[in-house]
Amino acid sequence: MDWMMATFFRKWSLFTFAFFVRVVLVVFGVYQDKTMIVKYTDIDYHVFTDASQFITEGASPYRRATYRYTPLLAWLLTPNVFLTPVFGKLLFVTCDVVSSYFMYNILRARGMSCQAACGYCSLWLLNPLSMGVSSRGNAESLLAVLVLSTLSCMERRHLAKAAFFYGLSVHMKIYPVTYALPLALSLRTRDKVSTGETKIPMGRRMARFLLGLLNRDLLQFFSIAGGVFCGLTLLFYHMYGWEFLQETYLYHLTRRDIRHNFSPYFYMLYLMAESSWSLALGLAAFLPQLALLLLASLAFHSDLAFCCFLHTAIFVSFNKVCTSQYFLWYLCLLPLVLPRLTLSLKQGLGLLVLWFAGQGIWLAPAYYLEFEGQNTFVLIWLAGLLFLAINTFILVQIISHYKQEDIRHIQKLD
Amino acid sequence: MVTKVFLCAIFLVVEIYGVAKTEEDNCDLSGEWLESLKVTRDIWKMGFHRELVTTMECGRQSPEKLHALLVQNLPRGVFVDPYQLASLQQDTGLQALLHSKVDLEAPAYESNGLSMFVYPKRDPGRPGHLQAVVPIHGRYHRPSSGQGWERIEIEPPRLFLRANGCAQHLAVAPPVLMDAPCSGHNMSMCKWMEVQLPQDQRHISLELPVGDWSLAVPVCGGTLLVTLLCCVLIANAIQRHGFQ
């Protein structure tokens, strides 16, 4: 009984502490915004709040320039206008902690001890990056909650709930749409016969594979997820018209932001923005991303958390636009991947240092371009390529040191 | 709110009065004072985020009631962020009204110039000085094969004055009057009179870095090569360690 209380207390003390630190940061943010020139609050948070203001006036949230999110977000944040401007930040930090709770559940469901699960969760709960981002008013933690709840429900085979969260997550931000393939593959009926398989012709194997996709679980999952996604899309299309589709989805699909960002493609797309090659190059940039996503789905769909992690990391690294908030999309899945890595602590820390170094090397010329007016385009381009190379190295290390079978950490503590 | 500002800020009436008033009615805003009026312009900071600074030296005798309005046009290479202006209005008391809708992300070659009203305010540290500091941001420009920089020239503003309680017209003949909002937060209309700035007002300029078009082939080749190589390396790792 004592050990149960002790572990329970440890878990709750960790989560409470993490929440408390975030609330302190939110309060500090209010103070910094009032007293200092450099503001704590993320610029996007003002965009959300302005959009909510329009909603409360009965207008479209898209009257706020650069509001490129679902109206659901602006609706969720209307208490920012009615109640207190920090409501949204408190919501985001709560989501941040709740997403760790789903992480904890997944790790526990894999048979990990409470303490070990807490240890891995603390990588997110006590991570300055996630703390900073959510307390500055960035909405990425909403996505973390939705993605992790989907995975947690999938792990426990609560398919209807998982489908609901998945549909909602794709509605909130389109990047989880790439998880559809691994999700479908993990739900398909598997071949039971294993003897003499090699003799079966390719066409028949293909037909069997496709037939395996037609089962009750898969149809149920995708009808619920599709229903949630289409229902919300229709509702908001009805309310806000074409502008909603344009700003929430089409903008992100056709986005050609030529201003400098972490993407390896930035300088090429900037130089060729007006050339007749622009479309062909855009397609050429899309192909590696697509090929790797397909391959990762086929190879790792049996381990959904790892597959989603790889998907997101590949998607972000090879994307045509990449900013630092995108990194959180895969970092929130890292605590689920780490327990199954056979890398030593030294190797792991080495990769972490390398990842930060890659960003640092990019940030220096980007600073000189943006704030000093020096022409560092070539250096930024080279740093972007180096960062992709570093990400590739890290991904290769992770893939080759990942053990798919469960490493169980059940410890008898009594 | 921005739209309201656009509507209100449109020049309503431009009236030309042919009659000049006598100097006694002008609260010491004599022709001599007008000649002593000095306007200096500067651009602070470097890179893509600058500050356009306009300072008026009115002399110590300038009446407390004197208000100034600058009508500033900006070329397509730079823009002001209306949301930043709104937040600065709260933080520093900057008063500026925009006439046109601003695309915050478009490159220069897909944008239009814009026009704004700026109300300089008294500098408490320097009596007789009015100053406005407006943050401006550079847009991305078309890549060029030249020097690697694009020069953006900002034309001088038009200066308008009004003085509460004084006779409407300063000692300028014929005065050009314009109806415009009385201040950045007071949308009611006031009559403003244009003052010609001295002829030596030049365009001020800033330079922004641009991409090097002559590098297009190596950049495209290098990018595609590296991304393809990285793609192959990851695919190889997946191939070897996946499918279990």
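Me: Let's start with Glu105(B): how exposed is it?
Reply: Glu105(B) is partly exposed, at a relative accessible area of 25%. On that scale, buried means under 20% relative accessible area, exposed over 50%, and partly exposed in between (1.4 Å probe, protein chains only). Keep in mind that this is a predicted model, where local features need pLDDT of at least 70 and side-chain atom pairs count only at pLDDT 80 or more, while totals for chains, interfaces and linings use all residues. Residues are numbered from 1 along each chain as its sequence is written, chains are lettered from A and ligands numbered from 1 in the order in which they are written, and side-chain values use heavy atoms, with hydrogens and water left out.

Me: Ok, what does the side chain of Glu105(B) meet in a salt bridge?
Reply: That's Arg68(A), at 2.9 Å from N to O. A salt bridge here is a side-chain nitrogen of Lys or Arg within 4 Å of a carboxyl oxygen of Asp or Glu.

Me: And is Arg68(A) buried or exposed?
Reply: Arg68(A) is buried, because its relative accessible area is 13%. It sits in the loop between helix 2 and helix 3 of chain A, and Glu105(B) in the loop between strand 6 (95–98) and strand 7 (114–119) of chain B, so this pair joins two chains. Helices (H or I, at least four residues) and strands (E, at least two) are DSSP runs, numbered from the N terminus.

Me: Which residue of chain A forms a salt bridge with Arg68(A)?
Reply: Glu247(A), with the closest N and O atoms 2.9 Å apart. Glu247(A) is in helix 13 (residues 242–253) of chain A, so the pair ties together parts that are 179 residues apart in sequence.

Me: How many salt bridges cross between chain A and chain B?
Reply: The rule finds three across that interface. Over all chains, the count is 16.

Me: How many residues are in contact there?
Reply: 51 residues of chain A are in contact with 44 of chain B, where contact means heavy atoms within 4.5 Å.

Me: New topic: where is Leu283(A)?
Reply: Leu283(A) lies in helix 15 of chain A. Leu283(A) counts as exposed, because its relative accessible area is 53%.

Me: What does helix 15 give to the nonpolar patch?
Reply: Helix 15 (residues 278–300) of chain A gives the largest share, five residues.
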